[in-house]
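Biologist: Could you walk me through this one? I'd like to start with a helix and then move on to the aromatic residues.

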Amino acid sequence: LARITLALRSSSEPSQQALMWSAFPAVLAGAIVFAVGQSLPNSDGLLSSALAEVLARTDVSQGPRIAPAWTANMTQLFDAGTLGDAGHAVGSYAHDQAGRRWRATWCSNLTLFHAAGDEFCIDKLAVDLQGTSPFCSNMTGGTGDGTVCHTEPLPFHDQFGILALASKVGSSSVAGVTCDLWYAAVTAQGQNMTASACVSADGVPREFNMTTGLAWKAGSEIKYTFSNPRIGVVSEDAFAPSEACASKYPMPACEGGGKEALILYRVHRKTDQLTLANRNVGDALGDVAFFCDLSGMDATQLVTKWAVEVDSAWGQYAYCQFQGEKNVCFGHTGKHVGRESALGIGKGAEQAQCSANEEIGNWFSFPDVGECAPGAAVGTDGCTWKTTPVRSVLAGCIIKDRGLQATCAQERGHAPMLKSAAIFAAALETPDPSKGGCPDAPASVLGSSLVVI
């Protein structure tokens, strides 16, 4: 089980962009959303499977002793201003090695949309269900009536498991507490990871740092410090599932609905297929959150504009990720197209699934089970969506040549960021630079054929 508020859109063939959704050693769940993530690999999945591969063939006796059960205050730093003031968050951590479970919670003040900030909290609970269920991670996003639970079919992994590969490299101190320094580097399944920790005599990592090898700056390097540890048995209440995961999963579809035409956008790698099946996308305002800070955007990425027809009885926004040679979505409402406000912020309950989100913009998920057959109208045999790719451009043109980066800086903290959204939309509307357009991406860089309409 797990709970998370970091609603980054994750998904698609491995690249730097979603919930979500999951965290890197663990607390940035999927989610981060994976999720803005439109093309992020499943980091938790890559981490756990890569570590499992290495641990199976490595002598791991040299690692530090981690206390079997403890709780502590936690501070987290991450390299993305979007995720809070100076990328700083505070919370708590609970660890139960014998029970194979841990929980990490934190909150920060997200200042991307409003200068005064929006409360932004994560509560992730991971429990090894020992084969009884594939959902060892659940992610609940939001606070108050905005909480939404997401599940992930991932194997359990110990957040500090990588330290089993570590070697002692010296000693230091954290906040006046003496501790031993440990360092590990892992390369497996194309993933280059490093970890360092300063572990005190009581077995608590007073500091734990990890790099993931991902281009996505919010998850490329994450740092934790732990203070005021309480060593000993952790209560069962510390690992109770969130109310949203216990009673509100999955969310029902919004009432009403009907056919609606939308223009949406997806950021992706050159090798990705031109399809929205089991992918996450956004409208212009929603993608501004992604471009303006969160992603650490690679200028060589592609941005594709899509003409979409949907049934607007929106379901729960799903985290769509690349797993096992294909894209999958989890945490969705059957065939319904999922929707939430960007980063789960904004007005409206349940991360604004059924709200207009005119200030923050929207993110959408497209489960493959809802796709209409070729030539079929939305609604035929219960299908909920059909799409047509319009045109693709290089992200670098939007960011640099059309001035999005500068406009983002000007509008930060002043949502709705209408100027930034207008630049973004205009860049994909036409190839005419006099109208703010970007040239079509060369056919040589497209993953499959694209008919410009």
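Predicted model: local features only at pLDDT ≥ 70, side-chain atom pairs only at ≥ 80, totals over all residues.

Biologist: What span should H8 have, and how far apart are its end C-alpha atoms?

Modeller: Helix H8 has twelve residues (418–429) and, at 1.5 Å a residue, should span 16 Å; its end C-alpha atoms are 16 Å apart, which agrees.

Biologist: Let's zoom out. How many helices and strands does the protein chain have?

Modeller: The protein chain has eight helices and 22 strands, and of its 453 residues, 58% count as buried. The chain exposes about 16,600 Å², and carbon and sulfur atoms supply 53% of that area.

Biologist: Now the aromatics: how many aromatic pairs does the structure hold?

Modeller: There are 17 aromatic pairs in the structure. One of them joins Trp-106 and Phe-120, whose ring centres are 6.1 Å apart with the planes at 55 degrees, so this pair is tilted.

Biologist: Where do Trp-106 and Phe-120 lie?

Modeller: Trp-106 lies in strand E5 (residues 101–110) and Phe-120 in strand E6 (residues 118–127), so the pair ties together parts that are 14 residues apart in sequence.

Biologist: Are Trp-106 and Phe-120 buried or exposed?

Modeller: Both Trp-106 and Phe-120 are buried.

Biologist: What about Phe-160 and Phe-208, how are their rings arranged?

Modeller: The ring centres of Phe-160 and Phe-208 are 5.1 Å apart and the planes stand at 85 degrees, so that pair is edge-to-face. Phe-160 lies in the loop between strand E8 (148–152) and strand E9 (167–174), whereas Phe-208 lies in strand E12 (residues 205–211), so the pair ties together parts that are 48 residues apart in sequence.

Biologist: What relative accessible area does each one have?

Modeller: Phe-160 has a relative accessible area of 4% and is buried, and Phe-208, with 0%, is buried too.

Biologist: Which residues are in the cluster with Phe-160 and Phe-208?

Modeller: Ring pairs link Phe-160 and Phe-208 with Trp-70, Tyr-93, Trp-102, Tyr-224 and Phe-226 into a cluster.

Key: Residues numbered from 1 in each chain as written. Heavy atoms only, no water. Phe/Tyr/Trp six-rings, centres within 6.5 Å; stacked < 30°, edge-to-face > 60°. Helix = DSSP H or I, 4+ residues; strand = E, 2+ residues; numbered from the N terminus. Buried < 20%, exposed > 50% of the residue type's maximum accessible area, 1.4 Å probe, protein only. Areas by Shrake-Rupley, 256 points an atom, 1.4 Å probe, with all protein chains shown as cover. Expected span 1.5 Å × (residues − 1).
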